[in-house]
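Thanks for coming. I will walk through one protein model today, starting with the overall picture and then turning to a few residues.

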Amino acid sequence: IWPDTVKRGDFTRNVRGLGTLVPREESIELIPAQTDATVVRIRVLPGTKVTPDTVLMDLADPQLQQQLVSQKLALDGALADYKSLQATLNSAIMDKKSAAAAVNSQYSQAELQANTDQKLLGLGVISGIQANLSKNNAEQLTAQHQISIEQLDVNQKAIEVQLASAQTKVDSARALLDLYQKQEDELHVQAGISGVVASLPVPMAVGMHVTAGTSVAEVIDPTQLKAALQIAETQAHDILLGQKAEIDTHNGIVPGHVTRIDPSVLN
């Protein structure tokens, strides 16, 4: 018998389980095909270390090539239409400005003549009829002058609307061309991150046809790993988030902690 006093303190329970080191979710770069294409060249095989700009394989999409050429022509046509419309509208507005300038000149002369005739009428040199004619002519040209200014303003706004509409077509054609160009650039599949090329469930081969969205390559950053452990059901209830852990990698003991517990316990 060893008599002693009951004490309260930390109680350590060791739970063991076998597992594997697997990549963390944020360290996996899965690269899908952007269009329906055919594998024409494989540059890098699984297990090779790569950098973000390393080209892994080359794909070919003849339909995309045709769309790219057609869209370049469409953009050139939209730009030509815009420039032609701009020249036509500028010519039209210049005619309006010329007509407005002529009306303004006539208005200025008529106003000057009306003022002169009013002075001559006061001196008794001309009759009242002639002075009234000059006044009426000046008032008429004043109204025409105001209308020409308003017409010029309306035409200027109409030109801005038409040019904006033409510019929208140019921008739309350019955006679609940029999309096709980006898709063509992505036919040269790049790694995207630094890491190691992983094997896919269905390995890529030259001549294979892939549809848009199909994964054509996977790159893993080997410096970002986690230990996925299988814990026996009889001990699973002793595991809590945040608990300390020691992982035996067979190349040293690595300290860690529990970050996730699978909600379904199997085996």
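Contact, in this talk, means heavy atoms within 4.5 Å. With that in place: residues 24 or more positions apart account for 75% of the contacts in the protein with a separation of 6 or more.

Some ground rules. This is a predicted model, so local features need pLDDT of at least 70 and side-chain atom pairs count only at pLDDT 80 or more, while totals for chains, interfaces and linings use all residues. Residues are numbered from 1 along each chain as its sequence is written, and side-chain values use heavy atoms, with hydrogens and water left out.

The protein has three helices and twelve strands; these are DSSP runs numbered from the N terminus, helices being H or I with at least four residues and strands E with at least two. Of its 267 residues, 24% count as buried. Buried means under 20% relative accessible area, exposed means over 50%, and partly exposed is in between, with a 1.4 Å probe and protein chains only.

Now the salt bridges. A salt bridge is a side-chain nitrogen of Lys or Arg within 4 Å of a carboxyl oxygen of Asp or Glu. The whole structure has five. One of them joins Arg-13 and Asp-238, at 3.1 Å from N to O. These two are 225 residues apart: Arg-13 sits in the segment before β1 (17–23), and Asp-238 in the loop between α3 (233–236) and β11 (244–248). Arg-13 counts as exposed because its relative accessibility is 55%, whereas Asp-238 is buried because its value is 18%.

Another pairs Asp-171 with Arg-174, at 3.9 Å. Both are in helix α2 (residues 128–185), three residues apart, or about one turn of the helix.

Next, which charged residue is buried yet has no salt bridge? That is Asp-61, and the nearest side chain of opposite charge, Lys-72, is 15 Å away. For charge, Lys and Arg count as positive, Asp and Glu as negative, and His and the chain ends are not counted. Asp-61 lies in the loop between β5 (55–60) and α1 (62–123). Beyond residues up to four places away in sequence, Asp-61 touches Thr-35, Asp-36, Ala-37 and Leu-187. Its side chain also has a polar contact of 3.1 Å with that of Thr-35. A polar contact is a pair of N or O atoms within 3.5 Å; within protein, one must be able to donate a hydrogen and the other to accept it, and residues adjacent in sequence count only if both atoms are side-chain atoms.
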